[in-house]
Amino acid sequence: MSLLSTDAGRSGSSGPARRLAAWLHRHPSARLSALLSAPVLWLGVAYLGSLAVLFLSAFWTVNSFTGEVVRQPTLDNFRTIVTDAVYRTVTLRSIGVAVAVTLVDAAIALPMAFFMAKVAAPRWRRLLVVAILTPLWASYLVKAYAWRVMLANGGPVDWLLGGDGNGPGYGLTATILVLSYLWLPYMILPIYAGLERLPDSLLDASADLGARAGRTFRSVVLPIVVPAVVAGSIFTFSLSLGDYIAVQIVGGKTQLIGNLVYANIGAANNLPFSAALATIPVLIMVVYLVAVRRSGALEEL
Amino acid sequence: METPAIRLTGLRKSFGGVEAVAGVDLEIADGEFFSMLGPSGSGKTTVLRLIAGFELPTSGVVELAGADVTRRAPFERDVNTVFQDYALFPHMDVIDNVEYGLKIRKVGRRERRERAEAALAAVRLEGYSHRRPGQLSGGQRQRVALARALVNRPKVLLLDEPLGALDLKLREEMQLELKQIQRQVGITFVFVTHDQQEALTMSDRIAVFNAGRIEQVGTPAEVYDQPGSAFVAGFVGTANVLRDKVARAVLGEDGCFAIRPEKIALGGPAGSGPAGFGPAELGEAAPDDVTATGRVVEAVYAGATTRFVVRLDAGSPDSTAQLVALQQNLRTSSVDVQSYRDTPVTLRWRREHAIRLPD
Amino acid sequence: METPAIRLTGLRKSFGGVEAVAGVDLEIADGEFFSMLGPSGSGKTTVLRLIAGFELPTSGVVELAGADVTRRAPFERDVNTVFQDYALFPHMDVIDNVEYGLKIRKVGRRERRERAEAALAAVRLEGYSHRRPGQLSGGQRQRVALARALVNRPKVLLLDEPLGALDLKLREEMQLELKQIQRQVGITFVFVTHDQQEALTMSDRIAVFNAGRIEQVGTPAEVYDQPGSAFVAGFVGTANVLRDKVARAVLGEDGCFAIRPEKIALGGPAGSGPAGFGPAELGEAAPDDVTATGRVVEAVYAGATTRFVVRLDAGSPDSTAQLVALQQNLRTSSVDVQSYRDTPVTLRWRREHAIRLPD
Amino acid sequence: SGSSGGGANPADGKPPKIDKLASLGAGEGQVNIVSWAGYVENGTNDPKVNWVTDFEKQTGCKVNSKVAGTSDEMVTLMKSGEYDLVSASGDASLRMIYGGVVAPVNTDLVPNYSDVRDFLKMKSWNSVDNVSYGIPHGWGANLLAYRTDKVSPAPTSWSVVFDNAAANAKHITAYDSPIYIADAAMYLMAHKPELGIKNPYALDDKQFNAAVDLLKAQNKNVGEYWSDYTKAVQALKSGNTVAGTAWQVIVNLAEADQAPVAAVLPSEGATGWSDTWMVAAKAKHPNCAYKWMDWIISPQTNAQAAEWFGEAPANPKACEFTSDKGHCDKYHAADAAYASKIWYWTTPTTRCLDGRTNVTCKDYAAWTQAWTGIKG
Amino acid sequence: MNLSPAARWLLRGAMALGLAFIYVPLAIVLINSFNADRTFAWPPPRWTTDWWARAWDNEGARAALLTSVKAGLGATVVALVLGTMIAFAVQRYRFFGRETLSLLVVLPIALPGIVTGIALDTAFRTVVAPLGVGKGLLSVVIGHATFCVVVAYNNVLARLRRTGASLEEASADLGASTFQTFRYVTFPLIRSALFAGGLLAFALSFDEIIVTTFTAGAGTRTLPLWIFDNLFRPNQAPVINVVAAVLIVLSVIPIYLAQRISADTASGGRL
Ligand SMILES: Nc1ncnc2c1ncn2[C@@H]1O[C@H](COP(=O)(O)OP(=O)(O)OP(=O)(O)O)[C@@H](O)[C@H]1O
Ligand SMILES: Nc1ncnc2c1ncn2[C@@H]1O[C@H](COP(=O)(O)OP(=O)(O)OP(=O)(O)O)[C@@H](O)[C@H]1O
Ligand SMILES: NCCCCNCCCN
Ligand SMILES: [Mg+2]
Ligand SMILES: [Mg+2]
């Protein structure tokens, strides 16, 4: 057994799998098709198809009494949405909430993620990641309800702020607070991943060129971490835009676009009108995603 | 003639608009240590990948030992590769990495282990069997990659800048080892490098690549001493290029000529000059030698050698009337080098060492 | 004496259990091109980071221009760094990168732009202002990093293996440029490298590091020609080491000696030997010269030089009785090299070129 | 409007012709039920609360149940075609009848039906043209609950949540459903007789707009709307809610926890619900469905369910089986006078339910859309 | 990084506050599981372990937990398979529509759950139901898998980007066919990425209520649906706190394991 002895060469073993593999090697497009078939069927045909059917139905109406769908194309639903001021109000309110939640989460997540990625010792880093991930497993509903308790008249938040009625109570502020709470891990994780990839030498270089910590953060860290923040914002923004349950629990009388969609499908059984309403968040998100793709944020997800 | 180990005919490969390989014809003999040398982006890696089968050529034919393998998959070719980044499997330990190819070919457990251990011994890595690649230094990794390829006893071994990532010291050691192993196992090595020195010292033959084509193929001596073009002269080692007025003034000939710095003997004026730098150093002039005079512009001490930049009296003030000459620091003490500056000198070289280049 | 640009006193730095810097005392003069040379892990980068202020020393003092800066933050030190990985800000274009330091120091918009453009011109990168670092080649990035540091006109510039990632050709060009720039701007350069050649050709002085300590500091010539230890002799260039029996047999002295390969003149037997390899090549023996005889074991053609491995008659069969000698390929044609093998040869060198090393 | 359309409507048609089950056969092995929380309990929530297991044992019908939060959700779920049975309130029942979602019920096949209180049978929310579409389950009122420590003197009128709501701004609550417009209409019926409202579920344009305006004014003082009663209990206890709509069960729970909460049936009366078990038109398991209907109004079961949920049982015999012997009194189960003050939830239609023919009334779709506007 | 002590303390403080923000409400959940008050009056008037006892033999919760685990596993497996396929296609090939595909993968998680929910519900009712297949666990798995694909995709893609193709080429070079290469090299290399992605996908599915509401069949009750049903019953609500507390504690195990498996899942994977 030495390297010098000659070998019979590559063994002739060529089972069907091997022949298929060789054939696939010669036909890259067949390989690609095999890879894409199932995903395209699922997402491209089934999922997009479902969405298409949904939006087609936005042009139908429902018989108000029997609840039967009337399949005659009409723009009535959209006309109502555009002319009735309440839909504009609710849309703007929803976007406002989604933006506010995103900003609050970014503001909280940035220093936390920075601490985790660049300051904490590696052994702590691991534990902190666990600490951020764990709440994802505590039920969304339970957490929202815990906040209802905390925000109650005379509850812990009031107490913290010095007495009954000092807290925000239930309403728009509470909605933003609770949604920020619920989606915070979805913001921390991408930013943390982004910062972890940021070479320490850039921070050194900035200090070397005379910048203090604050300046380095503003001029180097922040711009570089923007795609990660945007990636996180896809979660915070879209989850807030579509939420209707947390709003019901702590929102007081607040209604968001999700509540309207839900009320019209889950309650009023008016699928066409729901579908028409649903085009609002979908349009907002699609515009958002297309804009975001340019920033490279989709790669940071 | 014997069937060559590798024959490439009219090989081309484009990526989108870029023609990475623009027509390569080449034969590599069995057992040869063959190097591919060329600047970054000249298509060396792509040719290697076409031979291994990782890429399908846009046109042209790849033959291995006489058989057309152009459209065969890599796993159907009797060729192994040592990758530039080693490409060791990080999730396997050293011995599993080396055994991989044998396992795939269903070689029995016992034989597999024996052969793998023999291969590790050949690269002087006994006792490292159970380390993970991450626990090895660059040089050790490189040797594992080599063992992993060698253990399969391929007809041809392809090596893509295997020493590129190592530091000088380690690199020189590995060069020696590689050469030794190749002699031992006697298989064909196709060795990609962008280091001229490496190619010159290790190879039986060298192909110099430029922009997807081969500019010249030959033994190290041929390529170094008889460069076929200005590109080859400039890329393989340092070369002084004399052309036009300067060539006429110095050589008395029209055209474009290359002279290697080490071919130029250098002597200071008698008596007055610094030590070890008198006319003696010039030696006797042979009948056909070329002699020129000039003045030292710069003298850089580099340990083993000193590099002189000399402005020629003939041809000045043309800025190209300048020659670089190398002098081995045989007897000269390094402190002397400082005093060489601005000294008048005589240069002398054999006429045949001024190589005429095509214009 | 003038206040040194940098003075390190009793500098130590441990990471957990590892003593990365184990007591360094050093003075670097104003305007010096100072290199730090040493194997991987010997503490070069750590010393640089201590000077720049990225790390706080475990003990010891760092002075810059006479002021104790040991506990000052990086942004409070008049020092700039060119990082090994360049550390260019990927989200800024070239001009913004270069302007960064000036912007921090609130230099006005107009002046900022002018100075940044001048710095880019100095590194020959006019016209690249609006590229992003990702759109530049390695060599270009390196030059941007240099411009970014130079534009601040620091007293001291620290460069951590700035050429490590470049290929040979580009590396040589950049060496010349760096040297030129340093002469032009006249600031102190502290240059880390693990390439001996680079250190020798570029530096005013060199510190050789080993295991967290400085083994020797001196001019290139001092370090090369008078190595203070076997480690320095071996690390800076190639050295033959003769000791014990062999040293006695060849030099007639006890102890440990280093001889550089290029210091050894080599001559074949009269008449019978190959061309350019007769007794003439040996030259006249000076009174104090050492002469030895042996047989060529290997002769490797390397373009500019040929490397001979010679087994000495004296001292054999000891395996250390072997010398490497270098010969410039001045008149020898490369084809001759093949025939040198197995020829008896005479070696000769000046007695002072066998440097006694401490045991 | 965006959601009205042509097609079947009580104004111009009858419910689709669907046959009722002629005779009872063998059970199909399972039954899928949509119900209010607490109507179908199998012990998984509280081992002591279980009237499903015995049913399954006796009939061999396995029960799958789905809880709906609102009447509207019930309709939606039933329309999915996956369910056999639903415990519909009056504001859902007609929609399902006219929509062909549910079938007439053959009461002869439900022996316990004969015991059900007469004032619950053949009502506008569970029959059409003298055809029964379901079996009454129980009923209750949407009372006015208030914090005794914050509202004094004790209110006797809904004005505390309407005209005088500002006194408790941000702490008023209301039921979160379009059907709540009827509460406003009922209030106007008493306080603005000039509007001529006769039935709070039959509102013409002017009447409807008056009710909507009242609710929009109320909205400024509302702290939150509720549709699940844990939320309502918790808000009352903590004081987030000081006055507003509540069910008896909410008040009972708050009182049980010593919260200073009381409820009153105000002088204007109250809206309320009367729930009816209805069978899906395309029920896959009709026999099991009938067996369940008989089971759920059997005295013991009806008692358990009514007590667990907190309402008056439909079957008077149930009153003997409640664990709290005062249950039926507390919920005024036998109090016909009390019951007469309640306007049970009914689905508003374009044909005015009060018999007017010279005007068209606002239908439920209009109510739904107005509700969105009221909440703003 | 070189930070002033003040900056360090500031960041440490921000981290501590952030963790407090995250964990105080969870502590409230835990405390409320011992709160004798049925609607969690604050401060708790009395303490009880009653809810824990009742949760212990709550069959509904257990059945729902089992359903959730089944749905989560199903969705995770589907998502991993699809996500991996897309990641390979996107990373290793250039083809028309590649950009669109990477956008399409994100779409289901970026669109509000209610849109995905009603779209799938509508499609199910109009296309699948007529074939005699009702909604059930399968439809939940389909719904969840749709928005979980992106998580698997992101994790695998990041790994593929980092490892590059050269290891696979090395394997082919050593004679392994495409399938052998996948088995011996590719799969082991992406395994920890799959694990990290799978864990996040499972967590997403496990906590999803909105899409589930619209895709679950009559007899299918996942844990969030069970919680939703019971949260609004005063007699039941406290038991939910117990369930949630148990979930939080149990979840630490898989997450911690994932951290241990390899250094590169330590970042918690990519969403
Ligand atoms: N997969 C690819 N897609 C597009 N262009 C490619 C690809 N591979 C190589 N090229 C291009 O083909 C040309 C030749 O590349 P190749 O890697 O063969 O050069 P090389 O001689 O190996 O260079 P180096 O010394 O830098 O490794 C380059 O211009 C390169 O950019
Ligand atoms: N942050 C750190 N933590 C722990 N050990 C470190 C750290 N930085 C350096 N070291 C250790 O200190 C020693 C010196 O490292 P240093 O980077 O200074 O070497 P170097 O001479 O620059 O080597 P190279 O040529 O490889 O860059 C090494 O053993 C290294 O592992
Ligand atoms: N609603 C529970 C939150 C869990 C995240 N769900 C993401 C689904 C997005 N459609
Ligand atoms: Mg290459
Ligand atoms: Mg270093």
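Trainee: Of the 271 residues of chain E, what share count as buried?

Mentor: 64% of them do, with buried meaning under 20% relative accessible area, exposed over 50%, and partly exposed in between (1.4 Å probe, protein chains only). Keep in mind that this is a predicted model, where local features need pLDDT of at least 70, side-chain atom pairs count only at pLDDT 80 or more, and totals for chains, interfaces and linings use all residues. Residues are numbered from 1 along each chain as its sequence is written, chains are lettered from A and ligands numbered from 1 in the order in which they are written, and side-chain values use heavy atoms, with hydrogens and water left out.

Trainee: OK. How many helices and strands are in chain E?

Mentor: Eleven helices and zero strands, counting DSSP runs numbered from the N terminus (helices are H or I, at least four residues; strands are E, at least two). The C-alpha atoms of chain E fill a box of roughly 70 × 70 × 30 Å along the principal axes.

Trainee: And which residues make the nonpolar surface patch of about 370 Å²?

Mentor: A:Trp124 and A:Leu127 from one chain, E:Val252 and E:Tyr256 from the other. Patch residues have over 30% relative accessible area and no salt bridge; like charges are joined within 9 Å, and nonpolar side chains (Val, Leu, Ile, Met, Phe, Trp, Tyr) within 5 Å. Helix α5 (122–133) of chain A and α11 (237–261) of chain E each supply at least two residues of that patch.

Trainee: Why does A:Trp124 count as partly exposed?

Mentor: Because its relative accessibility is 48%. A:Trp124 lies in α5 of chain A.

Trainee: Switching topic: how much area do chain C and chain B bury between them?

Mentor: About 3500 Å², 45% of it on carbon and sulfur atoms. Buried area here is the accessible area (1.4 Å probe) that two parts lose on being put together, summed over both. In chain C, the residues losing the most area to chain B are C:Tyr301, C:Gln328 and C:Arg331, together 20% of what that side buries.

Trainee: How many residues does the contact take from each chain?

Mentor: 45 from chain C and 46 from chain B, where contact means heavy atoms within 4.5 Å.

Trainee: Which side chains meet in a salt bridge there?

Mentor: C:Glu298 and B:Arg183, at 4.0 Å, N to O.

Note on methods. Accessible areas come from the Shrake-Rupley method with a 1.4 Å probe; for residues, only the protein chains shown count as cover.
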